[in-house]
Amino acid sequence: VEGQTFDIEYNIETMMVKRSGSKDTVRLTFPEGWTIAQIFEKIEKYNVCSADKLYANLDMVADEYDFIKKIDMKSGRYLKAEGYLFPDTYDFFIEESPSSVLKKLFNNFESKWTAEYDQRAKDLGLTVDEVMNIAAMIQREAKDSSQMYTISSVIHNRLAASSTYPSLDMNSTRDYIASLEKYELFSEFYYELYLNSYNTYSTQGLPPGPICNPGATAIKAALYPADTDYYFFMHSPTGEMYLARTASEHNKNTQMYLYG
């Protein structure tokens, strides 16, 4: 699938500082599709808590939640908690404790994952983590919410026809690790390991874990894909999506709309 990853950046900063009793507070918005690295960077920028402290406490706090504790940590997975820091607007105290900061984000995800979603995932034969994995790809591949349910159908269709389409071929999974290189979070050895494990052009099935923190629409799209018989999609440079049922059709779309 020749998908195009769309970064979502907001030009209007939603930060607001005010007094709350004897402490200053700050209001921060984390857009849908941001990674943990982006979220922690912004939290540190506005003096809520250092990124180092957040990383140091991440696994310990995450494992207090069943939806993360139950995750089977696959070989090559970068962060167990990626995908579960729900994108939203939050109020924090300046110099808030890392555990308090993290719990606000995890609690929000817990409140958004409903009993209906839990049952739907079981009906699909998927774990919560597999749903979030699919939702994260949808979030990063779609230009906007109108494309999400169709992109979801392509992912589900390819997973269901794994003997014919063993790889998902998503640009977004390959780009995930590359986007983290600037943060210098791991050694060159692990960079290569993660780069290979998240490359869905060369690996089979889902990547080791979610590649971002998806929003509510992407999660719903992962659970309720459109009913299509498409196995390929690609985007033009301006974001229009073109779908195909066969590799031949997809190659024609790519040549016509991507390379002109």
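1. Ring pairs join Y65, F67, Y84, F106, F109, W113 and Y117 into a cluster. Rings of Phe, Tyr and Trp (its six-membered ring) count as a pair if their centres lie within 6.5 Å; planes under 30 degrees apart are stacked, over 60 edge-to-face, and the rest tilted. The count by this rule comes to 22 aromatic pairs.

2. This is a predicted model, in which local features need pLDDT of at least 70 and side-chain atom pairs count only at pLDDT 80 or more, whereas totals for chains, interfaces and linings use all residues. Residues are numbered from 1 along each chain as its sequence is written, and side-chain values use heavy atoms, with hydrogens and water left out.

3. On confidence: pLDDT is the predictor's confidence in each residue, from 0 to 100. The chain has a mean pLDDT of 92, and 92% of its residues reach 70 or more. Over residues 6-15, pLDDT stays under 50. For that segment the model has 24 contacts beyond four places in sequence, a contact being heavy atoms within 4.5 Å.

4. Y65 lies in the loop between α2 and α3 and F106 in helix α4, so the pair ties together parts that are 41 residues apart in sequence. Helices (H or I, at least four residues) and strands (E, at least two) are DSSP runs, numbered from the N terminus. Y65 is buried at 6% relative accessibility, and F106 is buried at 0%. Buried means under 20% relative accessible area, exposed over 50%, and partly exposed in between (1.4 Å probe, protein chains only).

5. The pair of F67 and F109 is also tilted, because the ring centres are 4.8 Å apart and the planes stand at 55°. F67 belongs to helix α3 and F109 to helix α4, so this pair ties together parts 42 residues apart in sequence. F67 is buried, with a relative accessible area of 13%, and F109 is buried, with 1%.

6. Helix α4 itself comprises 15 residues (98-112); at 1.5 Å a residue it should span 21 Å, and its end C-alpha atoms are 22 Å apart, which agrees. The expected span is 1.5 Å times one less than the number of residues. The buried residues of α4 are P98, V101, L102, L105, F106, N108 and F109. They cover an arc of only 150° around the axis, which puts them on the same side of α4; the arc is that of the directions from the helix axis to the C-beta atoms. These buried residues pack against α1 (36-45), α2 (51-62), α3 (66-69), β3 (89-93), α6 (128-141) and α10 (216-223).

7. Two residues other than glycine have a positive phi. E95, in the loop between β3 and α4, has a phi near 60° and is exposed, with a relative accessible area of 72%. D169 has a phi of about 55° and is placed in the loop between α7 (148-160) and α8 (171-180). In contrast to E95, which is exposed, D169 is buried, with a relative accessible area of 15%.

8. G239 is found in the loop between β4 (232-235) and β5 (241-244) and counts as buried at 1% relative accessibility. Its C-alpha atom is separated by 8.6 Å from that of A142, 97 residues apart along the chain.
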